Amino acid sequence: GEAGARRCGGGGGGCLFFLMIRRPPRSTLFPYTTLFRSLQGYQPACVVIAANELKLFDQLKQPATAKQVAETLNLDPEATERLLNSLTSMEIIVKKNQTYHLPKAAHDYLTSGGSHSLQQWIQLSADLYPIWGQLSSFIKSGILIKSIMEMLGGDPHKMRAFTDAMHDKALKTTWMIAREIPIRSEERRVGKECRSRWSPYH
């Protein structure tokens, strides 16, 4: 089929370039759409990882233009606009009148100090990304590419990201379990008092 390049994400410079291949006839039983989406799956992940690494979400608590974000973070203006348009097309941020902002509901999850911040989880995904790129080597040899400790390599920042990510996962799992278990009102009250007294996350 004929291949070409196309911009996505609307106006303002577009966002990402990706390969467009002519679709096969609808009569085919081959899961073309599923395969195509799978092959592109790394792209949105890289967009979120880049935005998290650049602390871009912190700059979008209030509406800001791409130029303002670029100046504050010392980034390339055009590349910043493309990244913001990508996040808009993914419906993670909102674009209105040439300004971008992070919806209020996402503040707790994507900004520094958020009560349910996923920043460390996103960073951990970034650290794991190169390992997944070596999957074929593992399949050939059966030898583990790297253990988690080898991957962290004694780097204090990676160690902190891993530790915080595991801690956040434990907290969320505990909360989900507690939500499913019927607890009497008095026990709930005592539990809330303990959380507010001892946990820095409540």
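# Notebook: helices, a salt bridge and a nonpolar patch

I started with helix 6 and looked up which of its residues are covered: Gln 119, Ile 122, Leu 124, Ala 126, Asp 127 and Ile 131 are buried. I note here that the model is a predicted one.

I then checked the length of helix 6. The helix has 14 residues, which should span 20 Å at 1.5 Å a residue, and I found its end C-alpha atoms 20 Å apart, in agreement.

**Overall layout**

I counted ten helices and four strands in the protein chain. Read from the N terminus, the order is β-β-α-α-α-α-β-β-α-α-α-α-α-α. The chain has 202 residues, and 24% of them count as buried. I also looked at the contacts with a separation of 6 or more: residues 24 or more positions apart account for 50% of these. For the surface, I noted that the protein chain exposes about 14200 Å², with 59% supplied by carbon and sulfur atoms.

**Nonpolar patch**

Which residues make the nonpolar surface patch of about 800 Å²? I listed Leu 128, Trp 132, Leu 135, Phe 138, Ile 139, Leu 144, Ile 148 and Met 149. Helix 6 (119-132), helix 7 (135-141) and helix 8 (148-152) are the elements that give two or more residues to the patch. Helix 7 gives the largest share, three residues.

I picked out Ile 139, which is found in helix 7.

**Helix 2**

Next I went to helix 2, residues 42-53. Helix 2 has twelve residues and reaches 16 Å from its first C-alpha to its last, close to the 16 Å expected at 1.5 Å a residue. I found Gln 43, Val 47, Val 48, Ile 49, Ala 51 and Asn 52 buried in this helix. Just after helix 2, I noted that Lys 55 takes a positive phi of about 60°.

**Gln 62**

I followed the chain to Gln 62, which lies in the loop between helix 2 and helix 3 (66-73). Gln 62 counts as exposed because its relative accessibility is 57%. What does Gln 62 touch, leaving out residues up to four places away in sequence? I found Tyr 100 and His 101. I also compared Gln 62 with Thr 99: the two are 37 residues apart in sequence, and their C-alpha atoms are 9.4 Å apart in space.

**Salt bridge**

How many salt bridges does the structure hold? I found one. Arg 82 forms it with Glu 78, and the closest N and O atoms are 3.2 Å apart.

I looked up where the two partners sit. Arg 82 and Glu 78 are four residues apart in helix 4 (residues 77-89), so about one helical turn separates them. An α-helix has 3.6 residues a turn, so residues three or four places apart point the same way.

Arg 82 counts as buried because its relative accessibility is 19%, and the cut-off for buried is under 20%. Glu 78 has 46% relative accessibility and therefore counts as partly exposed.

Key:
Residues numbered from 1 in each chain as written. Predicted model: local features only at pLDDT ≥ 70, side-chain atom pairs only at ≥ 80, totals over all residues. Heavy atoms only, no water. Expected span 1.5 Å × (residues − 1). Buried < 20%, exposed > 50% of the residue type's maximum accessible area, 1.4 Å probe, protein only. Salt bridge = Lys/Arg side-chain N within 4 Å of Asp/Glu carboxyl O. Contact = heavy atoms within 4.5 Å. Areas by Shrake-Rupley, 256 points an atom, 1.4 Å probe, with all protein chains shown as cover. Patch = residues over 30% accessible without salt bridge, like charges linked within 9 Å, V, L, I, M, F, W, Y side chains within 5 Å.
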